[in-house]
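Subject: Structure for your review

Dear colleague,

Please find the structure below, followed by a summary of what was found in it.

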Amino acid sequence: MSDEHVSDAVVDNGNSVLRVRGVTRAFARQNGEPLKVLEAVDLNLGKGEIVGLLGRSGSGKSTLLRIVAGLIRATSGQVLYRGAALSGPAEGIAMVFQSFALFPWLTVLQNVEAGLEAQGLARDEMRERAESAIDLIGLNGFANAFPRELSGGMRQRVGFARALVTDPAILLMDEPFSALDVLTAETLRTDFLDLWTEGKLPIQSVLLVTHNIEEAVFMCDRILVFSSNPGRVTAEIKVPFKHPRNRLDPRFRQLVDDIYARMTVRTKTGAATVLSIGERLPEVSTNLLAGLLENLAAEPYRGRADMPAIASALALEVDELFPIAEALQMLGFAELISGDILLTPLGHEFAEAGMQARKHSFARQLLTRIPLAAHIKGVLDDRPGHRAPSVRFLSELEDHLSDSAAEQTLRAVTMWGRYAEIFTYDDEAEAFDLEIPESEQA
Ligand code: ADP
Ligand code: MG
């Protein structure tokens, strides 16, 4: 997949409400070295559009949104709004959070009024506006309820009302539906889109952050695909369908498929040198890995599956399927090609093998393809007592990864190494021990 569309995202169409220019953001790691989370991000929000920012978890989407909201600063680059560079929270930009972020000790009405606090309005006007936002979003009759008395869907409606009450020109949404169950999420999406298409919202432009491809295609006019490590816009996809959209329309399905393909990272295969010790590993259990291999080998896939199809057959979300598929690819059990996942001959063998043969195959792949696993084994081999504290490997990983990614990677290699019976992990001592085959034990 090429990057040829990227430039479109930054072309000034004369219709721009907000622009992000060359935004970079780094955080300090524990060792003091900077971790680059966003690199040279450009985007443009035009009047009358819903723009999606679609990326995997940890790719820096929330960080970018917080920068656009003026809540944190960019390390370099600018956000241009109303002809000026943003330097803090600005009037006219409001945000809806994934976690709702309500005050539990305030009623619905008071929570919504809190959105207006900064504007210094008279009491009566504040109340009036809060009440009309509450009506607009379908919270009538709940003004005096407390958040704990509401369902998740109603709580997020309060989150929307608190953002809408300010009459924002730009609405930023950070995965606002991802904490809700499927039906509730769909109702709220549809209600929001109805208000939007009927022109009942004064909003000029929406920026929706999501990891959910279907949601992006369902809601957005334009989707920016966001890469990880560091986060960057790598493709722009126009969604040519009118609202209300039909998820079952073959053209809708095709676009979802195309985006899956674009988001499928294809690592070079073959040479074991592709990965470094500091490569982030997806934290996926060996049960999930074996489960996907078995499903892929069986009917109706027989070794090749369309990613969206197998995800929905296994009731997995994109965010859950990708890491499993990626781990299988890293280990050489599967290949990801244009939105499909294919078993390799080794993957087929694994699916059909018994427990001991599986462990052997897994151990071989782990040691030849995951340098971190080989490194840990090498250290344990050399050490007297064949033991090494985990902190030693963690600090090595932190030279390459964020602290949380380093911990996650170490947990992944621990699960995999245990399963492969290469090493064991002593939770209490927080140390690795070499696994000594029974035949060699005294
Ligand atoms: P997303 O929203 O796409 O899941 P985030 O923007 O939340 O991603 O995080 C991106 C990366 O930045 C992660 O590796 C996260 O650990 C790191 N990060 C986010 N905020 C901070 C912070 N305040 N300090 C250090 N690292 C951070
Ligand atoms: Mg986020």
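**Sheets, helices and surface**

Four strands form an open sheet in the order E2-E1-E4-E5, with antiparallel pairing. Its edge strands are E2 (34-46) and E5 (84-85), each of which pairs on one side only. Strands (E, at least two residues) and helices (H or I, at least four) are DSSP runs numbered from the N terminus, and two strands pair if DSSP finds at least two bridges between them. This is a predicted model, in which local features need pLDDT of at least 70, side-chain atom pairs count only at pLDDT 80 or more, and totals for chains, interfaces and linings use all residues. Residues are numbered from 1 along each chain as its sequence is written, chains are lettered from A and ligands numbered from 1 in the order in which they are written, and side-chain values use heavy atoms, leaving out hydrogens and water.

Within the sheet, strand E1 (residues 16-28) and strand E4 (residues 76-81) are antiparallel and share five bridges. Thr24 stands opposite Ser76 in E4.

Strand E6 (residues 93-96) is joined by four bridges to strand E7 (residues 170-174), and the two run parallel. Met95 has Leu172 in E7 as its bridge partner. Ile93 and Met95 on one side of E6, and Ala94 and Val96 on the other, are all buried (under 20% relative accessible area, with exposed over 50% and partly exposed in between; 1.4 Å probe, protein chains only).

Leu64 belongs to helix H1 (residues 61-68) and is buried, with a relative accessible area of 0%. By contrast, Glu128 in helix H3 (residues 123-136) is exposed, at 57%.

Yours sincerely
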